[in-house]
Amino acid sequence: MQPPPPVFRFAPSPNGRLHLGHALSALTNEVLALRFEGRLLLRIEDIDLTRCRPEFVEGIATDLDWLGIRFEPGFRRQSAHFGDYAEALAALRKRRLVYPCFCSRQEIRNAVLAREAATGQPWPADPDGAPLYPGLCKGDDPDQAALRIAAGEPHVLRLDMATAITAAGQSLHYTVFSADGDQRSVPVAPERWGDVVLARKDVPTSYHLAVTVDDALQGVTHVVRGRDLEAATDVHVLLQALLGLPTPFYHFHRLLLDDDGQKLAKSRGSQSLAALRTHGVTATEIRRQLGFC
Ligand SMILES: [Zn+2]
């Protein structure tokens, strides 16, 4: 019997038009899916309902079509699957691996400053540069917390990282694959993220939880994404272990940088594919510019 084909996915957020950085990621997925005779899925990551807009979903479809990338018909929209994330959270709660946190950003900032003042040492930051959560709500009385939640107090749910790592048991690894099929095993160090947020105040999930659950539910075997998400993979591999989900193979592609050496981002007004198209740039030129033909 033939083994099932590998499954790849491209997963943009509809909070703006796609730019060249997205094109690079989508085209890298396409090339690797073709090379490994895999399926290519599209997923719309729209958990942030305040920033995601329907016209941007249409824009994504138009831009990918224009680039000539063929996805399997249909796509998974995260906003239609909050129930799946709630189920995963419930499983983690049941094992006491998450706890509610009522802190505001300012409270966290003040606690970090106080500790820095007390120790004379800089407080550790996560790989994205944000201070690790200083544990203010950790160990709070669960009954007290339940009362605050029942009273409607805004809160996030945090992963108790130390307990989670112990619960996951064995030392965790994932496998990175390259275009020519080479593989190497990478140990994870999720503790460098501290007690990450798994459900936000405004959204009943988080990026980490939603992508982990979705990749498993969609049967994704090969995750191809930018190097900016390499460190976050540690959290995803830990969540996979805790939730009993398979760990896909990973490939991290280069990032396109703007003139200031910053990662291309919609928020900084990088040129969209739609704007390039209006200026007469062709899909073939985009592919050539990014090194795909
Ligand atoms: Zn807190």
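Phe252 is buried, at 10% relative accessible area. Buried means under 20% relative accessible area, exposed over 50%, and partly exposed in between, with a 1.4 Å probe and protein chains only. This is a predicted model, in which local features need pLDDT of at least 70, side-chain atom pairs count only at pLDDT 80 or more, and totals for chains, interfaces and linings use all residues. Residues are numbered from 1 along each chain as its sequence is written, and side-chain values use heavy atoms, without hydrogens and water.

**Aromatic pairs**

The whole structure holds eight aromatic pairs. Rings of Phe, Tyr and Trp (its six-membered ring) pair if their centres lie within 6.5 Å; planes under 30 degrees apart are stacked, over 60 edge-to-face, and the rest tilted. Two of these pairs involve Phe252.

| Pair | Centre to centre | Angle between planes | Type |
|---|---|---|---|
| Tyr174 and Phe252 | 6.3 Å | 80° | edge-to-face |
| Tyr250 and Phe252 | 6.1 Å | 5° | stacked |

Tyr174 lies in strand β6 (residues 173-177) and Phe252 in strand β10 (residues 249-253), so their pair ties together parts 78 residues apart in sequence. Helices (H or I, at least four residues) and strands (E, at least two) are DSSP runs, numbered from the N terminus. Tyr174 is buried at 3% relative accessibility. Tyr250 is buried at 1%. Elsewhere, Phe8, Phe36 and Phe177 form one aromatic cluster.

**Zinc site**

Which residues are the protein donors of the zinc ion? They are Cys101 (SG), Cys103 (SG), Tyr133 (OH) and Cys137 (SG), lying 2.2 Å from the ion. Donors are N, O and S atoms within 2.8 Å of the metal (3.2 Å for Na, K and Ca); water is not among the atoms, so sites may look incomplete. The four donor atoms subtend angles of 94 to 127°, which makes the arrangement tetrahedral. For four donors, that label requires all angles to lie between 85 and 135 degrees. Along the chain the donor spacing is C-x1-C-x29-Y-x3-C. Cys101 sits in strand β4 (residues 98-101) and Tyr133 in the loop between α4 (105-119) and α5 (142-150), so the pair ties together parts 32 residues apart in sequence. Both Cys101 and Tyr133 are buried.

**Second largest pocket**

The second largest pocket has a volume of about 320 Å³. On a 1 Å grid over the protein atoms alone, a pocket is an open set of points with protein on both sides within 12 Å along at least five of seven lines; lining residues have an atom within 4 Å of a point. The volume is the space filled by probe spheres set on the points. Of the 13 lining residues, the closest to the centre are Arg96, Val98, Tyr99, Pro100 and Pro142. β4 and α5 are the elements that give two or more residues to the lining. α5 gives the most, with four.

**Helix α8 and positive phi**

In helix α8 (residues 233-243), 10 of the 11 residues are buried, so the helix is largely enclosed by the rest of the structure. Among the buried ones are Asp234, His236 and Gln240. Just after α8, Gly244 takes a positive phi of about 70°.

Most residues other than glycine have a negative phi. Glu37 has a positive phi of about 50°. It stands in the loop between α1 (20-35) and β2 (39-44) and is exposed at 65% relative accessibility. Arg96 also has a positive phi, near 55°. Arg96 lies in the loop between α3 (82-94) and β4, exposed at 64%.

Key. Four donors count as tetrahedral if all angles lie between 85 and 135 degrees; four count as square planar and six as octahedral if opposite donors are over 155 degrees apart and all others between 65 and 115; anything else is irregular. On a 1 Å grid over the protein atoms alone, a cavity is a set of points where a 1.4 Å probe fits but cannot get out, and a pocket is an open set with protein on both sides within 12 Å along at least five of seven lines; lining residues have an atom within 4 Å of a point.
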